[in-house]
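Please open the structure in your viewer and keep the sequence beside it.

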Amino acid sequence: MHVRRNELYKEIEGFTKSRVISFVTGDRTNQTTQIAPDCIDYFVDHLDQIKKAKAITLILYSRGGHTLTGWSLVNLIRQFCDSFNVIVISKAHSTATLISLGANQIMMTKQATLGPIDPSTNGPLNPPHPGQNPLMRIPVSVESINSYLQLLKDHKITSPKDLSPIIIDLANKIHPIVLGDVNRARAQIRMLGERLMSNHIQQKEKRDKILDFLCSESGSHDYTIHREEARDVLGLNVTKPNDEQYSILKQLHKNITDELKLLEPYDANIILGKEKEIDYSVIRGLIESTSSYPVKFISQGRLRRFTGPQGQEMIEDRKTFEGWRIIQ
């Protein structure tokens with residue numbers, strides 16, 4: 001698979017006149033991965049081989065992840081190039097959209113989408129998930145809290161006397177530290193977006209318009225932004241590939257989809273088949289370039305089917321490795 005992708009990366013380097021790095025965090029059902037700090041060192045390895053380039057293009061496929069990792073990644077890549085560009089082959093949502101805001105130019109295919117960057121907070125003090133594992137917690141959306149407070153204003157509930165019992169009730173349901181984290185996260189995401197765009201968008205009014213939409217006006221974190229809206233409504237510097245370029249990017253997308261099995265839900269029963277025990281290895285993410293060895297996010301382990309105490313059939317997953325691995 002990688003040999004063919006390497007050929008495609010060289011073709012993309014040709015038409016973009018840049019060095020290319022590909023970054024994929026898969027969204028296969030039951031095997032999703034996210035942008036996280038553990039990717040940074042592997043990017044350094046690839047960038048050290050590139051050394052210094054006039055332009056670097058990051059090919060992105062991700063549903064999002066750790067906000068500050070996106071910020072760090074853009075700043076890291078910019079130290080190795082004069083111009084930083086992004087190609088979205090399909091999905092670049094949440095933190096991946098934040099990364100795209102730091103690009104001088106965003107090339108988007110016909111099916112490519114960006115998304116809102118309003119974050120959610122999740123931690124041990126978040127509300128427990130009803131009816132689920134007691135250790136599970138419900139993520140608290142920054143914009144959900146903000147929308148609730150805006151609802152109060154819209155209904156003219158603004159006096160301290162009226163607001164006090166409502167705020168106390170909210171704090172009883174959502175821990176005050178979580179509410180504080182929500183407020184901090186909202187301020188942080190706007191600050192990061194502002195600073196990333198200031199490298200290439202000089203007009204503050206334009207940056208504010210983009211952030212207003214991505215942080216709240218889109219209405220839902222699931223909202224998808226296609227290239228026409230990204231270009232014509234938001235005003236981002238979005239380009240589209242010509243037919244030949246699109247064919248290359250579509251081949252790349254299909255190759256990645258096939259290797260990571262993004263369209264096939266992960267099902268331990270199917271993997272086991274008629275076997276009682278079996279070893280497995282699942283590729284869940286990629287960091288690749290023409291400059292260094294590919295890096296893959298891999299989960300490995302052994303699945304075992306057994307009979308539980310009540311006679312029910314159960315499957316045990318004994319993981320032996322999970323993380324990024326250099327493939328030589």
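This is a predicted model: local features need pLDDT of at least 70, side-chain atom pairs count only at pLDDT 80 or more; totals for chains, interfaces and linings use all residues.

Residues are numbered from 1 along each chain as its sequence is written, and side-chain values use heavy atoms, with hydrogens and water left out.

Begin by selecting residues 2-16, which form helix H1; helices (H or I, at least four residues) and strands (E, at least two) are DSSP runs, numbered from the N terminus. Colour His 2, Arg 5, Asn 6, Leu 8, Tyr 9, Ile 12 and Glu 13, the buried residues of H1, where buried means under 20% relative accessible area and exposed over 50%, with partly exposed in between (1.4 Å probe, protein chains only). Seen down the axis of H1, these buried residues fall within an arc of 165 degrees, so they line one face of the helix; the arc is that of the directions from the helix axis to the C-beta atoms. On the other side of H1, look for Val 3 and Lys 10, which are exposed.

Next, select Ser 289 in strand E9 (residues 277-289), which counts as buried because its relative accessibility is 1%. Its side chain and that of His 46 are joined by a polar contact of 2.6 Å, a term for a pair of N or O atoms within 3.5 Å; within protein, one must be able to donate a hydrogen and the other to accept it, and residues adjacent in sequence count only if both atoms are side-chain atoms.

Terms used:
The expected span of a helix is 1.5 Å times one less than its number of residues.
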